[in-house]
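Here are my notes on the model, as numbered points. Please read them with the coordinates open.

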Amino acid sequence: MRALSRETTALTLLLAPVTLFLAIFFLIPLGIMAVYSLLEPGLYGGVEWSFYHWNYGRILGWADGFIEEFDIVYLQVLGRSMGLAALTVISTLLICFPVAFWISRLPAKQKNFFIFLITLPFFTSMIVRLYAWVLILRDSGFANQLLEWLGLISEPLDLMFTGTAVIIGMVYIFIPFMFLPIYSSIEKLDMSLVQASQDLGASPFTTFRRIVLPSVMPGVIAGCILVFIPSLGNFVVPDLLGGARVVMIGNLVEQQFLYARNWPFGAALSMVIIAVMMLLMAVYLFRVVKADSNR
Amino acid sequence: MNRSLGKTLLTGYGWLFFLFLYAPVALIVIYSFNANPINVMTWKGFTWDWYVGLFGGATTVSESSLYVDSTDQLLDALLTSLKVAFSATVIATVMGTCAALAMARYRFRFKGFYQALLFVPMVMPDIVLGIALLIFFVGAGISLGSTSIVIGHCTFLTSYVFIVVSARLAGMNPLVEAASADLGANEWVTFRRITLPLILPGVIGGALLSFIISMDDLVITYFISGVDSTTLPVYILSMIRRGIKPEINAIATLMLLFSIAIAAAGIYFKSRNTAQ
């Protein structure tokens, strides 16, 4: 009995700091934000403490134009954000998969060195890495100068402030998030199965679909989620590379908080981000984790 | 298609990939020595001026093309960043290590809950966490400044430390601890003499990771930094927003050097980690 209570004391001491800290500074703030999204915005910033579902009505369409007006632009921005995030996911996936395959077949020493080279950007400042693309894509930037020097163009191209620029920026900063999960699942792939499949006369495509794909799928899905979530709510990349032309939902949230000072509406917008994120996590948990435990 | 051709193509593709990864960053470093004060990306000769200017030295360039009004602003931002990263790392390392020990060494009822609680802050989009904390701090009357930034950073850094230390604990032989207990050492002595030395590489690795992530955090800091405490990334964002000037290249190059140094330290500890 005494031993048990000693153990309880130790456990309490170990868990108390993190429990208190995350309860106060993580769970409660998120709870308050959820409440805020249902409050009436005050006239000069601030909030009125009355129930007000029109914040969501403005975004999702039931605002009747009397108290608040529904504006399709918010759904368009949400759609654009999801589209750009999805394209970022697809691009990183297509870029990383062959590279992960290539590196997994190299001798151990080279392998470790290349993995180091891919994780290194994770340690370097994100804003610096994005700034590099500002230098490249600007009107007087590196890309335009190079193309002009090669004689391919005579007038600088409009590369900045396009959806493509935003996607390039996001792909560039999120590549390690896609690469590492894919790589670790390819590493685990049993090459003798691939060999066997080929020996038995399966075409490369069939081998890929029946042998490779099922076993790397968990890594691919994890990578997709790890890239999609931060891309969806991103506001720095569209801020620097998208400008006023490519506004994403993160920019809307920022505007509501720092310029328009309509905090309840901004809170409602970020609840929408959370909703999309939770939906994805739910799909992930049900499909992947379940499939994993069934094996 | 024959095999060796496929292999050559794949290798070529791999090199292109690394070019894509490193060429943009290399451009910053190269052009940070460009003497052209107006068009940053048009090469006009080699100069150290932008670095000299950063440290407040006399340069041959005119004042107007200099960007930082005084080096003080930049140094202030750097100092805030270092202070915040240091405090947040200490707090997060203690909390994360404790949580990892509790999860690895004890059985209790709410384990699943804690697993989720420590996982969610890492995947929460940072803008959401940033504004949630902003609403909270303003509502609770906590003034925005270094303290609020440290608190904000600890919410997600704890999870990173937890993961790194947990991985280390998972690779450890629990029998060593049992042996120590059998030989009559109490829990504290066992922890201090056996467990701590064994998990130390993990703890240091987690701390380094937190330090880097804290130094680099832009979005959460952006929302909760208040008026007179700016960190380096936030300061650089505001510089880029105002317009591109050559000094940013020099600052960015110094930051790259700094992060590579820390990453090298991390690799060093990791190699000691596996050597044991």
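1. Start with D216(B). At 17% relative accessibility, D216(B) counts as buried (buried is under 20% relative accessible area, exposed over 50%, partly exposed in between, with a 1.4 Å probe and protein chains only). D216(B) sits in helix α8 of chain B, residues 187–216. Helices here are DSSP runs of H or I with at least four residues, strands are E runs of at least two, and both are numbered from the N terminus.

2. What does D216(B) touch, leaving out residues up to four places away in sequence? The list is T124(A), S125(A), M126(A) and I127(A) from chain A, plus P233(B). Contact means heavy atoms within 4.5 Å. F108(B) is another matter: D216(B) and F108(B) lie 108 residues apart in sequence and 36 Å apart in space, C-alpha to C-alpha.

3. Ground rules. This is a predicted model, in which local features need pLDDT of at least 70 and side-chain atom pairs count only at pLDDT 80 or more, while totals for chains, interfaces and linings use all residues. Residues are numbered from 1 along each chain as its sequence is written, chains are lettered from A and ligands numbered from 1 in the order in which they are written, and side-chain values use heavy atoms, with hydrogens and water left out.

4. Chain B, overall. The count is 11 helices and zero strands. The radius of gyration of chain B is 23 Å, well over the 19 Å that the globule rule gives for 276 residues, so chain B is more spread out than a compact globule. That radius is taken over C-alpha atoms, and the rule is 2.2 Å times the number of residues to the power 0.38. The C-alpha trace of chain B spans about 75 × 70 × 35 Å along its principal axes. Buried residues make up 50% of the 276. Of the contacts in chain B with a separation of 6 or more, 70% join residues 24 or more positions apart. Chain B exposes about 13000 Å², with 67% of it from carbon and sulfur atoms (Shrake-Rupley method, 1.4 Å probe; for residues, only the protein chains shown count as cover).

5. Chain A, overall. Chain A has 12 helices and two strands. In sequence order the pattern is α-β-β-α-α-α-α-α-α-α-α-α-α-α. Along the principal axes, its C-alpha atoms fill a box of roughly 85 × 70 × 35 Å. In chain A, 49% of the 295 residues count as buried. The accessible surface of chain A comes to about 14500 Å², and carbon and sulfur atoms hold 68% of that.

6. Check two backbone angles. Most residues other than glycine have a negative phi. F161(A) has a positive phi of about 55° and is not a glycine. F161(A) lies in the loop between α6 (142–149) and α7 (163–188) of chain A. F161(A) is partly exposed, at 34% relative accessible area. R261(A) also has a positive phi of about 55° without being a glycine. R261(A) lies in the loop between α11 (249–258) and α12 (263–294) of chain A. R261(A) is partly exposed too, at 44%.
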